[in-house]
Amino acid sequence: MTKMAQGETLVAKDIRKAFRRSNGWFKPASETQALRGVSFEVRPGEIFGIVGESGCGKSTLARILVGLEDADAGSLSRGDRTLFAPASPTVPAVRRGIQMVFQDPYASLNPRMSVGDVVAEGLAIAGMSKADRDARVAETLSLVGLTPGDASKFPFQFSGGQRQRICIARALVMEPAFLIADEAVSALDVSVQMQILNMLLDLRERIGVSIIFITHDISVVDYICDRVMVVYGGEVVESGKKNAVLDHPENEYTRKLISAVPQITSVKLL
Ligand code: ADP
C-alpha cells in the first residue's frame, strides 16, 4: 500500500449540534446541546485524542466528521477543500478521506459476509474490479496483522482483537488520510487493547495515516496520542500537547479525569 495523502490538516470550526425530542402534545419539546461550538485541528500523521466521559458529545462529533450526521452549524475543511460549511455544498462522506472504526467489533461485522467481502464492500460500492479489490484486500489484511488467506473466513472464526483488526482493515482499505477510532479498544481485554494500540502506532509510522482517537480512558490517551482535546458537556475545556495537558492540567475537569486513573503519573500502560 502506498503512503497515504500527506500534508493536509483537518480543521473543524465551531461545530454545533442539538438533538430535539418531542415530549408529546402537552409538554414542550426538550433539547440536548450535544456540541456547543467545538473547534480543533488534526495535523498530518498525528494521533489526536478526544477524551471525555460518556455523554460529553464524542460520538456525535465523530459521526459528524465522517458524515453520518449533519452539524447544525460550523465548518470542516481538509487542506484547501471545504467538507462542509454554511452555504457550501457538503462533500459526501465517502469523499471526505475520513473513515471510522466503531467500538464494538462484534456488532459492527455482518456475520454472514466473509472477511474479504466485509473489507472490500466500500471498494465494490466505489466500482473497483474484483481482481483489484482482491489485491487491495490482501494487502490491507497483511497491514493489520492478518493474512490474505483470512479473506475467505467468517467473522465468528476470529477473536475480539482480530475482529477489531478486520474493522480497521475495512476502514483502511479506502486509503483514508484520517482514521477515527471511536472507543475502538474499550470492548477488549487490556492485553488485546495493547496489541491494537501498538498496531495503530505502527500504522501511523508505515502509512502516515492521521488518527483521531476517541476515548473516555485517559491512560489510553497517555499511551498513544500526540495531542489531546478534553471535552465536557459538548465543549472543549482544554487542549494541547499530550504531555502538557496530562502533566500540567489547567482545567478542574481534566484534573478529575486524571485523578480517576491513579497509576497514570507513576506506572504507564506498558
Ligand atoms: P459520548 O459519545 O461522549 O458518550 P454522545 O455524542 O453519544 O456522547 O451524546 C452526547 C449527548 O447527545 C448525550 O446527552 C446524548 O444523550 C445526546 N444524543 C446523542 N445522540 C442523540 C440522538 N440521536 N437523539 C437524541 N439525543 C442524542
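A crossing of two helices is called left-handed if the near helix is turned anticlockwise from the far one by less than a right angle, and right-handed if clockwise. In this sense, helix 4 passes helix 5 in a right-handed crossing. The structure is a predicted model, in which local features need pLDDT of at least 70 and side-chain atom pairs count only at pLDDT 80 or more, while totals for chains, interfaces and linings use all residues. Residues are numbered from 1 along each chain as its sequence is written, and side-chain values use heavy atoms, with hydrogens and water left out.

**Helix pairs**

Helices (H or I, at least four residues) and strands (E, at least two) are DSSP runs, numbered from the N terminus. Axes are lines fitted to C-alpha atoms, for helices over the stretch in contact, and angles run from 0 to 180 degrees between N-to-C directions. Angles under 35 degrees count as roughly parallel, over 145 as roughly antiparallel, 65 to 115 as roughly perpendicular and the rest as oblique. Contact means heavy atoms within 4.5 Å.

| Helix pair | Crossing angle | Axes |
|---|---|---|
| Helix 2 (residues 115-125) and helix 3 (residues 130-143) | about 120° | 10 Å apart |
| Helix 4 (residues 160-172) and helix 5 | roughly 25° | within 10 Å |

Helix 4 and helix 5 are therefore roughly parallel to each other. Helix 4 contributes G161, Q164, R165, I168 and L172 to their contact, and helix 5 contributes V192, Q195, I196, M199, L200, L203 and I207.

Helix 2 and helix 3 pack at an angle of about 120°, which makes helix 2 oblique to helix 3. On the side of helix 2 the contact is made by V115, G116, V119, A120, L123 and A124, and on that of helix 3 by R133, R136, V137 and L141. The crossing of helix 2 and helix 3 is right-handed.

Two strands pair if DSSP finds at least two bridges between them. Six strands form an open sheet with mixed pairing, in the order 6-7-8-3-9-10. Strand 6 (98-101) and strand 10 (235-241) each have a single partner strand, so one side of each is left without a neighbour in the sheet. On average, and with direction ignored, neighbouring strands of this sheet are turned by 20° against each other.

Within this sheet, strand 7 (residues 178-182) and strand 8 (residues 210-215) run parallel and are joined by five bridges. F178 stands opposite S210 in strand 8. Helix 5 (residues 190-207) packs on the sheet, where it touches strand 3 (47-51), strand 7 and strand 8, and its direction makes about 155° with that of strand 8. Helix 8 (residues 252-259) lies across strand 3, strand 9 (227-232) and strand 10, and runs at about 105° to strand 9.

Strand 1 (residues 10-21) and strand 4 (residues 73-78) run antiparallel and are joined by five bridges; the bridge partner of L10 in strand 4 is R78.

**Nonpolar cores**

A nonpolar core is a set of buried Ala, Val, Leu, Ile, Met, Phe, Trp, Tyr and Cys residues joined through side-chain atoms within 4.5 Å. Buried means under 20% relative accessible area, exposed over 50%, and partly exposed in between (1.4 Å probe, protein chains only). In the largest nonpolar core, of 53 residues, I168, L200, L203 and F213 touch the most other members. Helix 5 supplies the largest share of this core, eight residues. I168 is in contact with V101, V144, I196, M199, L200 and L203, leaving aside its neighbours within four places in sequence. Another core, of 28 residues, lies apart from it and has L35, L61, I212 and I214 among its members.

**Individual residues**

Most residues other than glycine have a negative phi. A87, although not a glycine, has a positive phi of about 65°. A87 lies in the loop between strand 5 and strand 6 and is exposed, with a relative accessible area of 88%. E183, likewise not a glycine, has a positive phi of about 50°. E183 belongs to the loop between strand 7 and helix 5, and counts as buried at 10% relative accessibility.
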